[in-house]
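I opened this notebook to record what I looked up in one protein structure. The entries run from the model as a whole to single residues.

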Amino acid sequence: MNTNTDWAYRVFEPHGSEGWLPYGSDPEQWHGVITAADTDEGAKHAISRIVADLMTEWERTGLHHAMHVRVFLWHDEAGETDDADFVVEVRPRSDFDAP
């Protein structure tokens, strides 16, 4: 039986010795809930929507604003980062990566 569930997410960015802090100037924008299938495929769908939103934001503001981020995803409700069901790290290509 394929049922839907809520996947809670939060996006964080690195802050040196402070560790990972909420992403962006408006961190409320980068956490929430996405309803998708209660399967690994549903989680992948939720993460892909979040990453697509990040890419759209970076393209809108200029790709030089793209940042290294981590997307944390929890089944049902957000918890501690150590307890996330899925973690995806996004590292946009930088000028240093160019050949």
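**Entry 1: basis.** I note that this is a predicted model, in which local features need pLDDT of at least 70, side-chain atom pairs count only at pLDDT 80 or more, and totals for chains, interfaces and linings use all residues. Residues are numbered from 1 along each chain as its sequence is written, and side-chain values use heavy atoms, with hydrogens and water left out.

**Entry 2: confidence.** I looked up pLDDT, the predictor's confidence in each residue, from 0 to 100. The protein averages 88, and 92% of the residues score at least 70. Confidence is lowest in strand β2 (residues 20–22), with a mean of 91, and highest in strand β4 (residues 69–75), at 95.

**Entry 3: fold.** I assigned helices (H or I, at least four residues) and strands (E, at least two) as DSSP runs, numbered from the N terminus. I find one helix and five strands, in the order β-β-β-α-β-β along the sequence. Along the principal axes, the C-alpha atoms fill a box of roughly 50 × 30 × 25 Å. I took contact as heavy atoms within 4.5 Å; of the contacts with a separation of 6 or more, 58% join residues 24 or more positions apart.

**Entry 4: burial.** I called a residue buried under 20% relative accessible area, exposed over 50% and partly exposed in between (1.4 Å probe, protein chains only). Of the 99 residues, 28% count as buried.

**Entry 5: cores.** I defined a nonpolar core as a set of buried Ala, Val, Leu, Ile, Met, Phe, Trp, Tyr and Cys residues joined through side-chain atoms within 4.5 Å. The largest has 17 residues, and those with the most contacts inside it are Val 11, Tyr 23, Ile 50, Leu 54, Val 69 and Leu 73. At least two residues each come from β1 (4–14), β3 (31–37), α1 (40–61) and β4; α1 gives the largest share, six residues. A second, separate core of five residues includes Ala 8, Phe 12, Phe 72 and Ala 84. Which residues does Tyr 23 contact, leaving aside its neighbours within four places in sequence? I list Val 11, Phe 12, Glu 13, Trp 30, Leu 54, Trp 58, Met 67 and Val 69.

**Entry 6: Asp 76.** I located Asp 76 in the loop between β4 and β5 (86–90). Its phi is near 80 degrees, a positive value in a residue other than glycine. Most residues other than glycine have a negative phi. Asp 76 is partly exposed, with a relative accessible area of 44%.
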